[in-house]
Amino acid sequence: MKRVLAAIVLSAALLSGCGKISDVRRRLVVHSIGIDPSDDGGYTVSYQVFSGGGNSDSGPVDASESTVKTLVSDGKTLAEAEEGLRLKTGKEVFLGDVELIVISDSLKDEGLGEFLQYFRKSDVYLGVNAVYCRGSASKVIGTKLEQGEAASILLREVVERAVEESRASSSRIIEISNAVSAPSEAIAIPLLEVKRGEDSGEDSTVSNLSVGITGGIVVSGVRPVKSADADACAGIRLLRGNAKRLSLSVNTSSGAASLCIDNIKIKRKLGFSGGSPLITVKISGRYKIMSAPENARESEIVSEAEKALLSLCEKARRLSAESGDDLFGIGRMIEKYAPSASKLYGGDFSEAVKSSVYDVFARLSEY
Amino acid sequence: MPLRKISAGQLMLLLFLSRIMHTMIFRAESFASGTPLMLGLLVSTAVEALLAIPLVIYFSKGGADPASELFPSRPRLLKIFYSVYFLVIAGTTVALFTGFLQSEFSNVVSPIFSVLLIFAASAYCASNGVEGLGRAGTVVFWLFAGLFVFMASVNEGGFDLLNIRPMTENDLSPFFEYLADGISSAWWLPMFCALGENLRSGAAKAAYGYLVLKLAVLEALLFLVTIILWRYVDVLGYPIFALGAYAKTDFIQRFDAINMLVWAINCVIVVGTYVFICTKPSKKPKAGSYAAAALGAGIAFISYKSGLRFNDGVFLIFKAAGVILLGTAVPAAALIKLGLKRRAEK
């Protein structure tokens, strides 16, 4: 009796799951989702899916045309589009394996409220990045970047690399959701671009595609408000205090030089000057010169790099101060370090953001 | 038949599992800031430490079952009060756990089936006696501890210490709410009282060990949830479940299934302990455990259908009354009577 009971309890480990019970052949495993506006005012949703049927031999899975497909479904809402996909394919749509969500910048005016609500309730992992793209999200999702790799994985890596390099803000569903739920707090969602260059002719070894994060779209209170270029996005990471690594190119009297700044440490301090918040930001990091003209002086390169860091911060500051969008968590800093002053703002920190003064110091040392 | 006994460590872990089960199924109405919750927990633990004094002294002085001490001729009368109290606690726990299953997982079995299954398993555990529950509790505790540490260490979120803010006037209302909930959820006091006769020795070790363990684990949980998930806990609802929702490794993409396994086993052990307490007035413990489980299942089903929650006004008073009367007043009265008896003997 005890052994039978033990077997039943242990089987719970193998039989339990986090979704609907369905045979793997009856599942439609979605890798990425692209959202575009449709002509009737709804959404055209593209799903890059794994299609195991095309792989006849028992070798490793090749995410080529036969195994990775992009399916499109229309709906007035995202849930309706998902239901349409289920009815079209006759399979259970599984979103637990989604790597990336791409939203067309044509949907900027729509806001993110409905998308966030849908993704919160779906199986999509809350750590998945959601990004905007220039033009059609369907085309981005369906891009074939490299033989043997699904576009979703490569696109996700493009986004993650940009975040690692401090050229974009991390825009996971949880981070977007947290940022937009705070009064006056904002987030710069990365903007992904896929550009097609000149045709490389018959040479299949030359790719004419370039993919990258070229900037961001600032979202405040679920509504996109403005665009930010790549420099401003890097500045946001610096002023927010979460930049870790950054590559810079600077001009010196002898020519252009490139350097990589690693191990970035940022200390932020809140004070008040004439009734306005004074944010002191101290940036330190270790540099490594990657390329430089032969006769360039190292001290000059470093000095220019430090100036470049200040310039990135200034761009981000201007972007934030124009409309009072709190891209740096100033409201939360005031609530934490100056609770008595936070009462004056009554929960809306846009005025504090507009009037904030920044004192930024950058000091780099050799790697 | 001699009374079966468990060690102080085993009792401490059973009390802890019961408390952590409550945290697991506790769905915050709003979770804007972690500070009031963390302070509420700290203050409620201090109050619990004070409320536990009569109980700890009574059992440390070698007191037997308080019901037998107070009413030597009719101890069953008081034991029935404990049974009724823990039947309601067991029923509501299972109802809330069923609600959690239904809200977080699609296509799970029907609510009535999960209620019956949990109570059937719990009745079986209770019928095996307190020693079996104690041993199983230790295993479940280590399962929980391993899972908790693992989920926290592989969490993908960054730590944002800006989310830990000082208390302001606006936080006073949630602070008192959490404080009231913390004190009224201290049914470990009547639980300890009911299980005290089964304790081999070390009442102080079991009671205060439990309080330290509870405080450390829950404060760590609240701290992690606040600095990693912040407002998103409000979206997910269940704090412990939320911690697992943002954890990921190369070989475990989702922790939901593992989480569910541990919580399902924990629910069975905890409800099994409640059912065991309910069988105390019964002369036939085995049959009594199945009868108590049947009654508990009925309460669970009514509670589930009516949507009764732990934080609802009437239930809050019921829980708190149990804590004060059965967890503090009864052992205090038993302690006074024991003292008077021993003085008379001298």
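Which are the buried residues of α9(B)? They are Trp188(B), Leu189(B), Pro190(B), Met191(B), Phe192(B), Cys193(B), Ala194(B) and Leu195(B), where a residue is buried if 20 or more other C-beta atoms lie within 10 Å of its own, exposed if 12 or fewer, and partly exposed in between, with C-beta atoms placed from the backbone. Eight of the eight residues of helix α9 (residues 188–195) of chain B are buried, so this helix is largely enclosed by the rest of the structure.

The model is predicted, so that local features need pLDDT of at least 70 and side-chain atom pairs count only at pLDDT 80 or more, while totals for chains, interfaces and linings use all residues. Residues are numbered from 1 along each chain as its sequence is written, and chains are lettered from A and ligands numbered from 1 in the order in which they are written.

**Chain B overall**

- The secondary structure of chain B comes to 15 helices and zero strands, with helices (H or I, at least four residues) and strands (E, at least two) taken as DSSP runs numbered from the N terminus.
- Chain B has a radius of gyration of 20 Å, close to the 20 Å that the globule rule gives for 346 residues, so it is as compact as a globular protein of that length; the radius is taken over C-alpha atoms, and the rule is 2.2 Å times the number of residues to the power 0.38.
- Taken along the principal axes, the C-alpha atoms of chain B fill a box of roughly 65 × 45 × 35 Å, and 49% of its 346 residues count as buried.
- Among contacts in chain B between residues at least 6 apart in sequence, 85% join residues at least 24 apart, a contact being two residues whose C-beta atoms, placed from the backbone, lie within 7 Å.

**Chain A and its domains**

- Chain A holds eleven helices and 13 strands, and buried residues make up 40% of its 367 residues.
- Of the contacts in chain A between residues at least 6 apart in sequence, 70% join residues at least 24 apart.
- The domain assignment of chain A gives domain 1 (22–221) and domain 2 (240–367), the bounds coming from an automatic or database domain assignment.
- Eleven residues from domain 1 of chain A and 16 residues from domain 2 of chain A take part in the contact between these domains, and β7 (186–196) and β8 (209–220) of chain A each supply at least two residues of the side of domain 1 that touches domain 2.

**The four-stranded sheet of chain A**

- An open sheet of four strands in chain A has the order β10-β11-β12-β13 with mixed pairing, where two strands pair if DSSP finds at least two bridges between them.
- β10 (246–252) and β13 (357–366) of chain A stand at the edges, each with a single partner strand, so one side of each is left without a neighbour in the sheet.
- The twist of this sheet averages 35° from one strand to the next, with axes being lines fitted to C-alpha atoms, for helices over the stretch in contact, and angles running from 0 to 180 degrees between N-to-C directions.
- β10(A) and strand β11 (residues 255–273) of chain A pair in the antiparallel sense over seven bridges, and a hairpin joins β10(A) to β11(A) through two residues.
- Within this pairing, Leu248(A) has Leu259(A) as its bridge partner in β11(A), and Asn251(A) stands opposite Ala256(A) in β11(A).
- Helix α8 (residues 298–323) of chain A lies across β10, β11, β12 (276–291) and β13 of chain A, running at about 150° to β13(A).

**The largest nonpolar core**

- The largest nonpolar core has 206 residues, and those with the most contacts inside it are Val102(A), Leu192(A), Leu17(B), Ala242(B), Val271(B) and Val275(B); such a core is a set of buried Ala, Val, Leu, Ile, Met, Phe, Trp, Tyr and Cys residues joined through C-beta atoms within 7 Å.
- Helix α13 (residues 256–278) of chain B gives the most to this core, with 14 residues, and the core draws at least three residues from each of domain 1 and domain 2 of chain A.
- Not counting residues up to four places away in sequence, Ala242(B) touches Val225(B), Leu229(B), Tyr232(B), Val233(B) and Leu236(B).

- Lys315(A) is found in helix α8 of chain A and counts as buried, with 20 C-beta neighbours inside 10 Å.
- Leaving out residues up to four places away in sequence, Lys315(A) touches Asp231(A), Ala232(A) and Gly235(A).
- Asn129(A) is found in strand β6 (residues 129–133) of chain A and counts as buried, with 24 C-beta neighbours inside 10 Å.
- Beyond its neighbours within four places in sequence, Asn129(A) is in contact with Leu100(A), Arg156(A), Val159(A), Ser171(A) and Arg172(A).
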